[in-house]
Amino acid sequence: MMKINIQKNKYLVPLTAIIMLLITVFSGCTKADGTAGQGELKTNLTGREFMYIKSNGLYEHIPDKDEVIMISNDRYKKNPGYSMYDSSSIEAQYSFDGKYIYYLEAMDDYNPRALKAVKRKNETKDINKDEGRDTESETIASNVLDFKVLKNGRILYRTEIELGVYVWDGKDSKKIGDRIELYNLSEDESSMLYLNEVDYSSKGMPDFVDDLADFINIVEGTLYFYDFKNESYKISDNVIAGKFVYSKDFSNLYYVKDEKDTYNIYYIDDITKTYNEKKEPVFVAELGSGVIFMNKKTGGLYYLSENKESSLYDLIIEDDIPDKAKGVPIPKISIEDKELMAEEKAVIKDKGLKEYALQRMKMEFKENLKKIINRECFGTLSYYDKNGSKELSTSTLVYGEISNTLNKTVSFTYFDKDKIEKIKLSSLFDDYIYELNENMDYSDESISDKEDAATDTELNLDKLIYEYYKYSGSPLGKYFYAYDADSGQFKLDLEGEHYSGAFAHWDYKKTSGSIVRYFMTDILLKQSQAFDVAAALEDKVYKFEEGGHNIRDVYIYEEGNSIYIVKNDKETEDKIKSISDGSYKYFSSKINKAKDEIYNSAGFELYKADLKDGELGGFELLDSGAGKIYGIYNKKLYYVKGAEGIYSDIGAVLYCDKKKIKSGFRALHIVNDTMYLETGANDHDLYNLYKLNGNDVERIGNDIYEYKILDDGSVAYIDNYNKDTWRGTLELWKDKNNKETVDKNVMNIVGGKKSGYYTVFGTEDNIYMKLR
């Protein structure tokens, strides 16, 4: 079984990201309108058909005749806001009897689109001419954003107006609800969960550093269950978007509810039976600001509850800086004082402004440091099943933006509180000041050379404070800026719309927020003795006590009763130890340089150990240079080596059981039980595609922009892609040395996949997540 990386989850998932991109072929006896009927299920689809888009219309390739038919002459063009990061909306789908095609009208700038149906036919059209529709189309609905043909033959679609979601039965449309921001279908598509009546709120106040804003966007709404037969069933209000998880058949449902001053987890067993028996939610635990993620195989839930007894900040920092400027009076600064400071490019003396500004800098630093540390979810990791909850670790550390996608195995960072060496906040502030000095863009020409200014002895605090606060938009701009604070011009700057962006006008890049950004990385390296890694499988925990802080990847192969890890080699471990033993200042360019050296030249080793009766056996070395484990498929272990740095696999070499497969690694996919490999180094949008069979590699095509794998293993793809015209050549690969050109000037394949550089694909049978 394989694992994949999961992208960080957003609170609101676009509908098109929830809809499956591959058109699945189902046997089905359908009515003439394409919806499911009674009796034996039949279809005339082979699974080898596919559709594609050109600027002059929508086309279909008929496999048995190797012919192309124009479905619609709607003119298509790229959305001006198009991004490679966006999932492509499904433009067209087949009915399950194969008699009809449902499609969205071409996008015309941002005008609403209609959902239409057209009957398929066998008459071949000239693909090089802009011809009319071969049969008259039927409009199902207007103002449609996206749609999906369900397994029962009905069509589920969402409208532009009020985000209404409807189901069409072949004749009439029934509204399910309005303002439905997201929905999720059961595996058999006989029921759905959806969230509507969504409320957006923020807690706290925004800070002047945009990406460190001190407020939390809370998106919550009312969670409903709907089975396409009965009226919608209300499960709960105040459910947090992005924090409800479920089994494929909805037999297990967990959700997090906002209840006054906290967030609580609830569980419902088999929500699909709710119309026959009342389903009362079961309270699981108080979550706080923690995270949840579910074991797909067992239906159990991992959850990290926030530690309310002691914060991570308090465990790491000895706070010796007061919260308020006690004993520091508010200064009185005249216009003459401001002009003098502008002339001397230094804070004025004997006015109390230096002391006041310095205290303000300390407070800004303290607030941003707290934000950085609090991004880490710190608390107790537990596992819940129908028998109750079991604590796995009471000192778990998880990055706060973790995905809650269904998972099987997890690994996490934990630490020993007694081994943490507390750091004085005042000492950290001194380190911060020197780093700020090094990065300051001084207007004083005498110290404008950064290389000369970046030494401890040349720090001029008077000049640094002035440069930091001299602009009107700064937090203390009214004391430093040369405009008269009572003038109309200054009030315009202060209160007008220009003021909202005034902070962006500071002429240096390093503020307290950006300088402290990687503080937790510094802590993990400088105090590596306190941190270790463990893996969890249901309620069992496997700790890697020796050198745990050096572990980079973990993979549990449950069927083989074994566990695989990637850890730093001896040279890399020694480099990390030199940072923890050295006298590096926090935030300094010296420690950043040392970290970069580790990350860019880190060496790794791949190990395996047996899991016997819940116990971890001894590790044996399998290979050197391994960077990341992709998992076991058909009893073969896949991993990459030679990646550029520890956070990317791009450009690495794929290996299978110690044998080199291909260099230039981009992404690995499993489709219809077959593995496919993307490679490519220079162009992020184009890649080479291969079919894998163990160690054997078969090339499908080079410089591919988009592809779609058909049921018989053939592959339709676009190559010779011109980024200026957004068009390429459509090819059909059947097997080795058997390729034909289908069409030219093609824009997209309906349901096609683009480069894995931007998107993440893979099997969904065993999704694995590494917590840190």
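Tyr 157 is buried, with a relative accessible area of 4%. The model that shows this is predicted.

**Aromatic pairs**

Tyr 157 also has a ring partner, Tyr 166. Their ring centres are 5.4 Å apart. Their planes meet at 10 degrees, so the pair counts as stacked. A search of the whole structure finds 36 aromatic pairs. Ring pairs also build a cluster from Phe 365, Phe 429, Tyr 432, Phe 519, Tyr 586 and Phe 587.

**Charges over rings**

Tyr 586, one of the cluster residues, has Lys 526 over its face. Tyr 414 has Lys 543 over its face. The table gives the distances.

| Charged residue | Ring | Distance from the ring centre |
|---|---|---|
| Lys 526 | Tyr 586 | 5.0 Å |
| Lys 543 | Tyr 414 | 4.9 Å |

**A four-stranded sheet**

Four strands form an open sheet in the order S37-S38-S39-S40. The pairing is antiparallel. Strand S37 (665–671) and strand S40 (696–704) are the edge strands, and each pairs on one side only. From one strand to the next, the twist averages 20 degrees. Strand S39 covers residues 687–693 and is joined to S40 by six bridges. Tyr 687 stands opposite Ile 704 in S40.

**Confidence**

The protein chain has an average pLDDT of 78, and 77% of the residues score at least 70. Over residues 79–88 the pLDDT is below 50. That stretch has 16 contacts in the model beyond near neighbours in sequence. Residues 202–216 also have a pLDDT below 50. There, 36 contacts reach beyond near neighbours in sequence. Where pLDDT is low, the predicted coordinates should not be read in detail.

Definitions and conventions:
Residues numbered from 1 in each chain as written. Predicted model: local features only at pLDDT ≥ 70, side-chain atom pairs only at ≥ 80, totals over all residues. Heavy atoms only, no water. pLDDT = per-residue confidence, 0-100. Contact = heavy atoms within 4.5 Å. Pairing = 2+ DSSP bridges. Helix = DSSP H or I, 4+ residues; strand = E, 2+ residues; numbered from the N terminus. Axes fitted to C-alpha atoms, helices over the stretch in contact; angles between N-to-C directions. Phe/Tyr/Trp six-rings, centres within 6.5 Å; stacked < 30°, edge-to-face > 60°. Buried < 20%, exposed > 50% of the residue type's maximum accessible area, 1.4 Å probe, protein only. Lys NZ or Arg CZ within 6 Å of the ring centre and 35° of its normal.
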